[in-house]
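The tour below goes from one selection to the next.

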Amino acid sequence: MRRADHHPTRRTFLEVTGAMMVAGLTAGCTSDSTRPGRHAPAPGATPPQVSATGRHQAGITLPQPVQPHLLAVVADLGATVAPGPLLAELGEAIRTLTSGTDARLLGLPPGDLTVTVGVGPRLVRAAGASLPGAADLPRFSRERIAPQARGGDLLIQICASDALLPPVVAAALVDQAGDRIRERWRQSARRGTNVSVGDGLAAPRNPLGFIDGIVGPHTTAEQRRDLWLAGPPAVAGGTLAVLRRMELDLPRFAALSVAEQEAVIGRRRAGGVPLSGGTAASGPELGAKTPDGRYLVPADAHVRRAHATVVGVGLMLRRSYSTDEPAPGLFFISFQNDLRTFTATLTHMETSDALLPFTTTTASATFLVLPGFDRRRPLGSGLFG
């Protein structure tokens with residue numbers, strides 16, 4: 001992958017990787033709510049490896065619990081570059097990196113390292129204009145996005161429990177691709193410790209202090225219905241990803257009273273319980289009212305405006321990460337098998353969502369996350385041959 005106007009060499013890869021290791025750079029990648037019976041490794045223990053191969057790519061629903069560090073790299077392919085050979089080559093590099101057999105790990109154990117690859121609408125349209133993932137993400141309000149930070153041909157999402165791994169692995173894959181791809185933007189981020197929300201589920205807090213990612217397609221049946229693409233065969237087992245980087249007006253939100261913050265979100269800050277009562281995992285009772293007829297969950301509360309039943313769409317697997325650069329804020333990723341799940345939700349939020357005035361989106365993209373792969377079925381082979 002190429003930054004600015006120069007092509008990376010192996011020497012550059014080693015220099016960049018070494019600098020990152022010395023600086024101890026961190027990134028951030030955790031998933032949605034975790035299910036019961038899954039436990040984080042003991043402090044200092046190396047988490048078990050996650051296979052890069054299978055029906056679905058790792059880094060979406062596996063591993064559980066998911067890793068706390070993420071680095072997302074968005075790039076374009078050169079005009080004459082064939083996607084198929086490049087993706088197959090990246091898939092093989094991912095397999096060796098995650099298995100710990102690649103010298104470019106510089107001796108670091110891979111642990112629960114995952115790398116997830118998606119392709120942008122331009123490449124999908126070249127393979128078939130009617131395929132899922134062929135549509136560009138529309139523009140929305142409250143965006144301040146430079147042209148370089150909108151869209152892209154290639155997503156490389158790197159997640160790990162070890163904060164050293166994402167930049168090292170990114171450097172290896174950048175070096176692998178060389179001048180065939182040109183970087184548009186990248187984002188490192190992190191998530192906090194999971195908090196129990198009942199029913200065997202746990203989710204981390206977002207930068208606003210609220211537990212995030214409680215609602216989602218957690219069961220196998222929900223994921224089959226709302227997460228994974230079922231067809232056509234070239235994309236079956238994949239999903240659609242939406243990435244949004246947002247600056248947050250944290251000082252203004254923090255100036256609100258706790259009750260005012262809870263009215264913006266529609267949940268209690270301490271434990272995630274909806275303002276309508278019950279448990280965090282049970283979800284809000286949107287019809288519940290006070291004796292004088294006011295909704296317990298305000299009409300403009302975020303959990304109401306973004307609720308799948310209210311919008312009339314399926315569930316999305318949502319992940320929120322904290323960012324420091326380029327500004328304090330939130331990095332949002334959602335996975336769903338229908339882009340309308342995201343676009344209709346955000347359109348509904350734009351009309352009256354109390355949370356949106358505290359956000360400004362500065363980067364945005366959507367990708368078809370490719371189906372899983374193995375040695376007999378290279379990454380991207382179903383779509384690009």
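In which strand is Thr 116 found? Select Thr 116: strand 2, residues 114–119, holds it. Helices (H or I, at least four residues) and strands (E, at least two) are DSSP runs, numbered from the N terminus.

Before going on, note that this is a predicted model, where local features need pLDDT of at least 70, side-chain atom pairs count only at pLDDT 80 or more, and totals for chains, interfaces and linings use all residues. Residues are numbered from 1 along each chain as its sequence is written, and side-chain values use heavy atoms, with hydrogens and water left out.

**Stop 1: around Thr 116**

Is Thr 116 buried or exposed? Thr 116 counts as buried because its relative accessibility is 2%. Buried means under 20% relative accessible area, exposed over 50%, and partly exposed in between (1.4 Å probe, protein chains only). Now show the residues that Thr 116 contacts, leaving aside neighbours within four places in sequence: Gln 57, Ala 58, Gly 59, Ile 60, Leu 155, Ile 156, Gln 157 and Val 369. Contact here means heavy atoms within 4.5 Å. With Ala 58 selected, find its backbone oxygen, which is 2.5 Å from a polar atom of the Thr 116 side chain.

**Stop 2: Gln 64**

Move to Gln 64, in the loop between helix 1 (10–23) and strand 1 (69–77). A polar atom of its side chain is 3.4 Å from the backbone oxygen of Thr 61.

**Stop 3: the whole chain**

Zoom out. The protein chain has 11 helices and 10 strands. Of its 385 residues, 55% are buried. Among contacts with a separation of 6 or more, 78% join residues 24 or more positions apart. The accessible surface is about 15,900 Å², and carbon and sulfur atoms account for 55% of that surface. Such areas come from the Shrake-Rupley method with a 1.4 Å probe; for residues, only the protein chains shown count as cover.

**Stop 4: the largest pocket**

Rolling a probe the size of a water molecule over the atoms shows where empty space is left. On a 1 Å grid over the protein atoms alone, a cavity is a set of points where a 1.4 Å probe fits but cannot get out, while a pocket is an open set with protein on both sides within 12 Å along at least five of seven lines; lining residues have an atom within 4 Å of a point. Grid points are joined across faces, edges and corners, and a volume is the space filled by probe spheres set on the points.

Which residues lie nearest the centre of the largest pocket? Select His 302, Ala 306, Arg 318, Phe 332 and Met 349, which belong to a lining of 41 residues. The space in this pocket is about 820 Å³. Helix 10 gives the largest share of the lining, six residues. Elements that each supply at least two residues include helix 8 (302–305), strand 9 (329–336) and helix 10 (339–351). By type, the pocket lining divides into 23 nonpolar, 12 polar and six charged residues. Here Ala, Val, Leu, Ile, Met, Phe, Trp, Tyr, Cys and Pro count as nonpolar, Asp, Glu, Lys and Arg as charged, and the others, Gly among them, as polar.

**Stop 5: the cavity**

How many cavities of 30 Å³ or more does a search of the whole structure find? The search finds one. The largest cavity holds about 40 Å³ of space. To see its lining, select Arg 245, Met 246, Glu 247, Thr 323, Pro 326, Ala 327 and Thr 362. Strand 7 (residues 239–248) provides the largest share, three residues.

Keep Pro 326 selected. This residue lies in the loop between strand 8 and strand 9, and the peptide bond from Glu 325 to Pro 326 is cis, with omega near 5 degrees.

**Stop 6: backbone exceptions**

Most residues other than glycine have a negative phi, and most peptide bonds are trans. A cis bond also runs from Gly 231 to Pro 232, with omega near 0 degrees. Next select Arg 142, which has a positive phi of about 55 degrees although it is not a glycine. Arg 142 lies in the loop between helix 3 (121–127) and strand 3 (154–160). End at Asp 199, between strand 5 (195–198) and strand 6 (201–203), where phi is positive and near 55 degrees. Asp 199 counts as exposed because its relative accessibility is 59%.

Technical notes. Polar contact = N/O pair within 3.5 Å; in protein donor to acceptor, adjacent residues only side chain to side chain.
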